[in-house]
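Work through these exercises with the sequence and the 3D view open. Try each task before you read its solution.

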Amino acid sequence: MKFLAVLLAAGMLAFLGAIICIIASVHPAGTAAPAAAAAADNDSAAAALLPAADKGLGALHGPAEALASAGPRLPGGPQPPPLFSRFVCTPLSAECPATGPGTGPGPEELLALRSAAAQLRRTALEQKERIRMDQETIRELTGKLSRCEGGLRAPPAGAAAVPPAAGLLRELEEAVRALQDRIDRIEQELPARTNGSAPTAPALARDALHTKMEQLEEQLLSKILTLQKERQAANTDRNQHQHDIEKELSSLQNRVTELEHGPQGYSPPDAFKVTIPVQNNYMYARMKKSLPELYAFTICMWLKSKALGGLGTPFSYSVTSQSNEIVLLEWGSNPLELLINDKVAQLPLSLKDKAWHHVCVAWTTRDGKWSAYQDGEQRGAGENLASWHAIKPQGVIILGQEQDTLGGRFDATQAFVGELAQFSVWDHMLAPAEILALANCTSRLQGNVIQWDDQAVEVFGGASKGSFAACEEGKKA
């Protein structure tokens, strides 16, 4: 180790000596000095770069014996040649080459020489600093090696025999070298495995996993679609089943009522009323017949409200594309409204006194004109209600509930509570005199589109039918 340190220091000093010789040769201030002075300066500069511990080796440009004494000596044999020899610095000529006949050196050449000298000075300083750092490192490593050698030469008493340090170092070096070789082989094999034509086992497993996940996703999606279809079918079947059950219950209730009251005498098919006793979303009546396409209509009925708040919905007509094709509705604190194709007209009628009232609404598509009657008297009229709109055919007429979809989706807060009778529809606007005659029971005029007939009305959810005589009920009221 010491021998290597001496070799490193000697090599660096040799390099610095050469650099300093060049600097002394090209520096402008030294052009007048003789070669011997330059050599002396080189000797002093090199000696200054040597550390104090190495002053015994002799000056860099000293006698050969001093230089030879700096190298190691081998006992009992020929001595090795000196590590380095004396440098001879030959100064450059003080005169610069002429650029022309009879001319001196040019300013460009002097500037280039000064730049080269400055660069060499900086290089010399950097090399000096690097040599100082290397010397410190060498001293530190030398101290550690000395401590290791001292520990090996003086093992503690009673300790087991320790293999020589050189053997341990060789074993560690071989182990590290073997591990490095293995790492190198693995790194070389990885690209080959990655770029090879045959996929590796992890790649095959990953592809198989992705394929399995895709298959499971397809199965899950198929199952979800199947369940959705089954649920839709079940909802349809349940609605139909509920409709059939309600129809059967209504028939049984009517039969029970007939048996309880005994045989009755003949009554006209229109002498009945529909009673909805409770406000909910499942009691209602449905007309079996639908409407054709209409450009005008008159709708009349007898009704008696028992609601505490708004009147609710005495009737609603819904089609596939429009749930509010025709609706008579009083909801909450809002006034009574007539809706045609979702357009609204407010009717100035008062029907909350829990008495029977005859109500008619008439409308024509021409300019959307409308009129409203209560007990044979016109109470309101207007226009621009769904002007030039034709009432769509093949819809559903519900008594007592407001439809949010075709034939269903009722809202309990909009339900009618009370009794209703004589629901009739005409395909034109009745004259005021005809409406007054119907309200006074002096006319038996039947609707030419929808007639009030016991066989044409179905009741559901607990709504019931009972006998009704319009004029007698009106007199009682």
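**Exercise 1. Which residue in β12 is the bridge partner of Ser305?**

Solution. First, the ground rules. This is a predicted model, where local features need pLDDT of at least 70, side-chain atom pairs count only at pLDDT 80 or more, and totals for chains, interfaces and linings use all residues. Residues are numbered from 1 along each chain as its sequence is written, and side-chain values use heavy atoms, with hydrogens and water left out.

Step 1. Find the strands. Strands (E, at least two residues) and helices (H or I, at least four) are DSSP runs, numbered from the N terminus. Strand β3 covers residues 296-305, and β12 covers 418-426.

Step 2. Check the pairing. Two strands pair if DSSP finds at least two bridges between them. β3 and β12 are joined by 7 bridges and run antiparallel.

Step 3. Read off the partner. Ser305 is bridged to Gly418 in β12.

Step 4. Look at β1. This strand is antiparallel to β12, with 4 bridges. Here Gly418 is the bridge partner of Ile276.

**Exercise 2. How many residues of β8 are buried?**

Solution. Step 1. Buried means under 20% relative accessible area, exposed over 50%, and partly exposed in between (1.4 Å probe, protein chains only).

Step 1. Count. In β8 (residues 357-364), 8 of the 8 residues are buried, so the strand is largely enclosed by the rest of the structure.

Step 2. Sort the directions. His357, Val359, Val361 and Trp363 point one way. His358, Cys360, Ala362 and Thr364 point the other way.

Step 3. Name the neighbours. β3 is antiparallel to β8, with 8 bridges. Thr298 stands opposite Ala362 there. Strand β9 (residues 369-374) also pairs with β8 in the antiparallel sense, over 6 bridges. Trp363 has Trp370 in β9 as its bridge partner.

Step 4. Inspect the turn. The hairpin of β8 and β9 has 4 residues between the strands, and Asp367 takes a positive phi near 65°.

**Exercise 3. Why is the pair of Phe272 and Trp452 stacked?**

Solution. Step 1. A pair of aromatic rings is described by the distance of the centres and the angle of the planes.

Step 1. Set the cut-offs. Rings of Phe, Tyr and Trp (its six-membered ring) pair if their centres lie within 6.5 Å; planes under 30 degrees apart count as stacked, over 60 as edge-to-face and the rest as tilted. The whole structure holds 6 aromatic pairs.

Step 2. Apply them. The centres of Phe272 and Trp452 are 4.4 Å apart and the planes are at 10°, so the pair is stacked.

Step 3. Locate the rings. Phe272 lies in β1 and Trp452 in the loop between α7 and β13, so the pair ties together parts 180 residues apart in sequence. Both Phe272 and Trp452 are buried.

Step 4. Compare another pair. Tyr284 and Phe410 are edge-to-face, at 5.0 Å centre to centre and 65° between the planes. Tyr284 is in strand β2, while Phe410 is in the loop between β11 and β12, 126 residues apart. Tyr284 is buried at 8% relative accessibility, and Phe410 is buried at 14%.

**Exercise 4. Which strands are the edge strands of the open sheet?**

Solution. Step 1. Write the order. The open sheet of 7 strands runs β7-β6-β5-β4-β11-β2-β13, with antiparallel pairing.

Step 1. Take the ends. β7 and β13 are the edge strands, and each pairs on one side only.
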